[in-house]
Amino acid sequence: MSTSFPPPPILSFAEMATSISELHQAHAHFLKSGLIHTTFAASRLIASVSTNSHAQAIPYAHSIFSRIPNPSPYMWNTIIRAYATSPTPEAALTIFHQMLSASVLPDKYTFTFALKSCSNFSGVEEGRQIHAHVLKIGFGGDLFIQNTLIHLYASCGCIEDARNLLDRMPERDVVSWNALLSGYVERGLLDLARRLFDEMPERNVESWNFMISGYVGLGLLEEARRVFDETPVKNVVSWNAMITGYAHASCFSEVLVLFGDMQHAGVKPDNCTLVSVLSACAHVGALSQGEWVHAYIDKNGISIDGFVATALVDMYSKCGSIEKALEVFYNCSRKDISTWNSIISGLSTHGSGKHALQIFFEMLEDGFKPNEVTFVCVLSACSRAALLDEGREMFNQMVNVHGIQPAIEHYGCMVDLLGRVGLLEEAEELVQKMPQKEASVVWESLLGACRNHGNVELAERVAQKLLELSPQESSSFVQLSNMYASVGRWKDVMEVRQKMRAQGLRKDPGCSMIEVDGIVYEFLAGEGLASGEDLT
């Protein structure tokens, strides 16, 4: 009677490792105990290391693999697969060639992983060579390989090759059809995708999701919603695709309504869902709904870090609860640069410029490197709080210390800051010096400063420049008209308004939203209630 022994505990430790240091510990134990010379154990170690999320995990797995005297086909496949889905998929082909040179016979999984690497760097010619090798050694009829080939050709734009391969297949499954369908969708060929979708003898939830995502990607929300509503069985990917589509189109009320439908359908949201919903709450000011999402996150033990932490901080900041935003920020398990940017932006919006600068310096002390967005947030904070010296210092640090070249947004913040404190001539000089002289948004900021300080002469020059840049925009006409009105030049007011009418321009009405008992109401200036969306 044969006796089976349980695997050594170190194998489980390696598979559950979450850091590179734990992987080093596991590797050291394998070396010390001699397990590294056991094919099964060494294979498990390489697989565990290669699938770890750490940036150095794949090179580390490769280094372990390269020290195995005679790697098994499974080990070769593990490394090829790891590189195929990495940021450097071309490296998978290097390993594949080494495998052939070592006279190790590839199996169907080897070819599948190698072909996936070709898809990931659009290497259609390399894929054709592998296809020829597949036919040469007799794997041409393998369903898995054929499905991968279809996706390769379709995603690389070789539509006829992909379709011909599908038509010649003696045996096809839903994955075969989906391989071609996903290729059409990735290339934006929605007409072909729709015809193929209608032709398919069998569809699964991925088939429907490809169509929803395809329409969403092209901004065709009505078509996407029609397919979504027809989908017989929806999973979280289906809901996320539609929710994300509405979020990207700024249809935030629809996001919240759809999220409510998702809850009623009993589908559990994931982090992607929660981030989209929190973003929608932030844009419409739905604080109570955002608090409900936060409570859901806590109740379900979801880690508040990364994108989720950033979304929560942004939501509380934009909904007026900066204290709660700070609480989330300081208590989150892991911050990234977006989380820091979000709290700096929130403090800026709430007029806490000095606190925003304090957070910025804390970020530097924690070893985070600021990016372009960081300095937009910091300079905006200085502008809103009229911190002239600090703003100048931050602008200089951005360029001279951190090597970031100013973009339109950075110049806009500085022009707004200089204009806010009355340094209009210096603001005009900065606008004249910036490389992007045709940026109307910066000129509009200067025009607003002229109005606030009653500098009619400069306002007229700036307004003329704006009319040259954006003749169909009404904002410069409106600001100049308001400027003339503020100093009693009513004849000039009438002339500006006559020019607007002559050009068919009109001022867009102001809009505001308020949440009452879970319902967001939208009001337009001069028109009253525009809409009300029930969020419950």
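Helices α21 and α23 cross with a left-handed sense, a crossing being left-handed if the near helix is turned anticlockwise from the far one by less than a right angle, and right-handed if clockwise. This is a predicted model, in which local features need pLDDT of at least 70 and side-chain atom pairs count only at pLDDT 80 or more, while totals for chains, interfaces and linings use all residues. Residues are numbered from 1 along each chain as its sequence is written, and side-chain values use heavy atoms, with hydrogens and water left out.

Helix α21 spans residues 337-349 and helix α23 residues 372-384; they pack at an angle of about 15°, with their axes 8 Å apart. The two helices are therefore roughly parallel to each other, a description applied to angles under 35 degrees. On the α21 side the contact (heavy atoms within 4.5 Å) is made by I337, N341, I344, S345, S348 and T349, and on the α23 side by V373, T374, C377, V378, S380, A381 and R384. These contact residues comprise 6 nonpolar, 6 polar and 1 charged.

The cysteines come next. With a disulfide taken as a pair of cysteine sulfur atoms within 2.5 Å, the count is 0. The sulfur of C158 has its closest cysteine sulfur in C156, at 6.2 Å, which is too far for a bond. For C319, the closest cysteine sulfur is that of C281, at 6.7 Å, again too far for a bond. C158 is buried (under 20% relative accessible area), at 16% relative accessibility, and C319 is also buried, with a relative accessible area of 16%.

How values were computed: Buried means under 20% relative accessible area, exposed over 50%, partly exposed in between (1.4 Å probe, protein chains only). Axes are lines fitted to C-alpha atoms, for helices over the stretch in contact, and angles run from 0 to 180 degrees between N-to-C directions. Helices (H or I, at least four residues) and strands (E, at least two) are DSSP runs, numbered from the N terminus. Angles under 35 degrees count as roughly parallel, over 145 as roughly antiparallel, 65 to 115 as roughly perpendicular and the rest as oblique. Ala, Val, Leu, Ile, Met, Phe, Trp, Tyr, Cys and Pro count as nonpolar, Asp, Glu, Lys and Arg as charged, and the others, Gly among them, as polar.
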